[in-house]
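Welcome to this short tour. Have the sequence and the 3D view open as you read, and take the stops one at a time.

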Amino acid sequence: MRTQRAAWWFVAPALIVLGVFFFLPVLAALVMSLTDFDLYALDNFDNLRWIGFENYARLLREPLFWKALGNTLYFVALGVPTSIGVSLGAALLVNSKVARFRGLFRTVYFAPVVTTLVAVAVVWRYIFHTRYGFLNYGLAQLGVDPIDWMGNPHWAMPAIVILAVWKNFGYNMIILLAALQNIPDDLYEAARIDGASGWQQFRHVTLPGIAPVLLLVSILTMTGYFQLFAEPYVMTEGGPLQATYSVLYFMFEEGFKWWSLGRASAVAFLLFILMFLVTVVQLRLGRERSDA
Amino acid sequence: MTRTPRTLMVNAALVVGAVLVAFPLLWMVSVSFMPTGAASTYPPPLLPAHPTLDNYRELFAKHAAGRYMFNSALVATLATLISLVFNTLAGYAFAKLRFRGRERIFRSLLGALVIPSQVAMIPLFALVKELGLVSTYGGVIVPAMASVFGIFLIRQYALSLPDELLEAARIDGASELRIFWSLVVPLIRPILVTLAILTFLATWNDFMWPLIVLTDAKLHTLPVALAGLSREHVQDNELMMSGAVITVLPVLLLFLGLQRYYIAGILAGSVKG
Amino acid sequence: MVNRRQTMLALAAFAAAPLSCSRRSHGANTVRFWAVGREGEYAVDLLQDFLRERPDIEVDVQKLPWTAAHEKLLTAYAGDTLPDLCSLGNTWIPEFHALNALAPLDAFASQSRDITLDDYFPGILDSNRVAGALYGVPWYVDTRLLYYRRDILQKAGFNAPPTTWAEWEQMLGAIKAMVGHDRYSVLLPLNEFEPLLVLSLQQPSDLLRDNGRYGNFRSADFHRTLEFYASMFRRDWAPKMTNTQISNVWDEFGRGMFSFYISGPWNIAEFKKRMPPELRDAWMTAPMPGPDGPGASSAGGASLVIFAGSQSKPATWAVMEYLSRSPVQQRFYELSGNMPPRRSTWQSSTLASSPYAKAFLTQLDRVRSPPKVPEWERIAQEMRLTAERVVQGVATVDAACTALDRKTDEILEKRRWMMDQDRHT
């Protein structure tokens, strides 16, 4: 009994903070999304109208919302496999028996993860510069014409993917590294004795060994990438031609630039629903695959 | 004999990778020492021909960089200290103290991890305004005083503490608080260090919420100030780079010094039991 | 053991302290001044004498960058942290007025010795009035003018700047033919809405109709403007770039990458500073050419406003009066290159003799305000996006105008509702 009372005292501060500053606002956002809360309403509450699901209906009719959604999905579809591929590749390299100075490489590959996104976005914006940027300079050495990374609507999102992958691959690499190291060596020995090639070993020993972790890492990465905001905000202001206008950027502009708070809350909830569905689907697919 | 080409290839790949990854950061430092306009030439320069500290001088003299560094340091430190206390108390309780509804509450907390924080931002702003915390350090620190991830991390670690030890102390008549302070905290010190580093880094790098809530420029943290500077002084790239350096350097150094703990934390938080 | 607990409590108390105290309590004699743009850097300088004259008043100046000013001001409004004094863009006055955020200034102005309203350019002063009442005192005026490379124009065979669109087109074509593929005749950054806005204000039709209830972008006049604007890109006279993609506008102007540039008065000082010495006399300013003759331009600029929630209105007004005095305005011009809003300052200062400023004086008599609706900022943004879409070939002019009109009607829906309910002010 005494333990019970003490326990409540222990969890109270954290629960109160989380309750008041997270769960309560989330509920409030749901309610707000059913009104047309805007600047006029901020001035005088009488100017508020209850409009039910009208915000959601208007959003689903709004071409800009679909553009933002499309951009975000494009970013996720391009970015997640690339990021995980690079992470896995790096993990395999660092884990290799013949690799030297493993600690050093692991540190270098991980460094971008701890850097401030705004700061590196500023640096990369300059690396992507059409005339004076290093990326085009390097491409020119390989005989490729300069690409207008920040100005061409077709290349702006890939540019952001490059930045996102560079920044994040180290994180997943660490996790995959740990998973790789958990695969017992005898499995590889057995496969080698059976005459399996390197590729076959990878397919039949490595991949199944890290499958659950791979799934976890994909879900984490995907969840993070759906929340694309800071890179477009610093580098492209959502452009060019709104090619990098993400769902969260849309929410930010609706909410904190134009102060259509009701509409912005609706956007946030639509994003949440989308992320939730995608996560559930991924988990189900993952479970089916491991059952198979 | 087949070993050597493979060794060569793998290590060469590692080196090339390392150069590609480190290049943006090294170049950032290099440009920060270049005079204005020197980086806007073709071919782009690798090293400054006439290195200068002018950008840093301008950053601190004209653009109040010192103040922004102070703001970032203050906010990150306070948020880390307070959240460490709250999260550790809660995490330990969820692991080792039996109370009604413990599992149910913990599972609902985990559900919160799926909700993106931006959903809460708009009403949170309204709430923070009612509390009079807009444009104060509190506006940034108070919502960060507890986190589900932090509680989860502590709980994971605390689960492995031996129950007999705690029971013995209870039988001896020690209060829960005493057990926590004298017995548990020393045992979980590694994860405390880890969580402190993780929280400090996250708060230092946080951008969206401070951007919204700190309307007074005097209170801006480094990422917010840098974003403002970069949108306004679009033409002064060398100045931008020096701003980026002072934003990134502290956390990079912190990481380099304490990477053992940081990486251990990521692994502990990601590999579910 | 005891020492640790004491340290912990002390630490906790210390930690709690900065949480809420970060806004000093503002007395009736403290004036918080948010100065937008580079002007903030000069404001501190200008106010030195004022602080000596009125040692009882304390002024706290904060700089706000233009790119974030609108957001920050609205956030401050929502968060109840607006300052006392602000140099507000005059096109935002209707918006803040609709929010009841501005204090009316007629009473102050009628009793003032330093501020005589007839001395101000009428078009500019008008942009500070909403429903007849005065809400801002112009601090500096802004409009858009042509900056051009005289030497390149001469080489192309023209000795005077254009006065009509047709003449301008001729010059643009000739220059492009001369400079070739990698260079251009005019720079119209895709992330600026002012060039298109200026061109559309030159047309007789309004941009909104029915007292700002609906958009009027379907009009033939606006079609013509958008077509004219888009043609400059189609004919490769203007590069399809934003101003962030041009590494350095002043350097590129000096390198002849473009010969015409639509910009504001602050660039007089900047170009003077940054152009290489051999090109010192190679550039000049000119009033905007219009569809059928010399054209109008935007009535821009910043006004000093007092926010309604200020606790130190009289002190704030004293600061405003000081900044509006002719000699102080003259000094402001010398520091920043910003044009004064008072005719007397123009006549008495070095401005009267500046060749670059002459074009501005002419233009200031031909300025027009954009529609005075609170939603204007948002509509201007839509205009820019529409223009970008047409320039990049994603939409035709017709489709773009229709879409812009529809979007504008949507944006104005709440305003219509409020007007119908008779709630608007």
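This is a predicted model: local features need pLDDT of at least 70, side-chain atom pairs count only at pLDDT 80 or more; totals for chains, interfaces and linings use all residues.

In which strand of chain C does S297(C) lie? S297(C) belongs to strand β13 (residues 297-298) of chain C.

Residues are numbered from 1 along each chain as its sequence is written, chains are lettered from A and ligands numbered from 1 in the order in which they are written, and side-chain values use heavy atoms, leaving out hydrogens and water.

**Around S297(C)**

S297(C) is buried, at 0% relative accessible area. Buried means under 20% relative accessible area, exposed means over 50%, and partly exposed is in between (1.4 Å probe, protein chains only). A polar atom of the S297(C) side chain sits 2.8 Å from the backbone oxygen of R144(C). Beyond its neighbours within four places in sequence, S297(C) has contacts (heavy atoms within 4.5 Å) that include T143(C), V198(C) and M288(C).

Chain A has 13 helices and zero strands. Its C-alpha atoms fill a box of roughly 80 × 70 × 35 Å along the principal axes, and 57% of its 292 residues count as buried.

How many residues does each chain bring to the contact of chain B and chain A? Chain B gives 97 residues and chain A gives 82 residues. The size of an interface is often given as the accessible area lost when the parts come together. Here about 8,000 Å² is buried, 80% of it on carbon and sulfur atoms; this buried area is the accessible area (1.4 Å probe) that two parts lose on being put together, summed over both. On the chain B side, L14(B), I122(B) and R231(B) lose the most area to chain A, together 9% of what that side buries. Helix α1 (residues 3-32) of chain B supplies the largest share of the side touching chain A, with 18 residues.

**Salt bridges**

A salt bridge is a side-chain nitrogen of Lys or Arg within 4 Å of a carboxyl oxygen of Asp or Glu. The whole structure holds 43 of them over all chains. Here are some examples.

| Pair | N to O distance |
|---|---|
| R155(B) and E103(B) | 3.8 Å |
| R170(B) and E176(B) | 2.7 Å |
| R343(C) and D365(C) | 3.6 Å |

R155(B) lies in helix α7 (residues 148-158) of chain B and E103(B) in helix α4 (residues 102-112) of chain B, 52 residues apart. R155(B) is buried at 13% relative accessibility, whereas E103(B) is partly exposed at 33%. In the second pair, R170(B) is buried at 15%, and E176(B) is buried at 3%. In the third, R343(C) is partly exposed at 31% and D365(C) is exposed at 51%.

A network of salt bridges also links E62(A), E254(A), R263(A), R378(C), E382(C) and K407(C).

**One helix of chain B**

Helix α10 (residues 189-205) of chain B has 17 residues, twelve of them buried. W204(B) is one of the buried residues.

Terms used:
Helices (H or I, at least four residues) and strands (E, at least two) are DSSP runs, numbered from the N terminus. A polar contact is a pair of N or O atoms within 3.5 Å; within protein, one must be able to donate a hydrogen and the other to accept it, and residues adjacent in sequence count only if both atoms are side-chain atoms.
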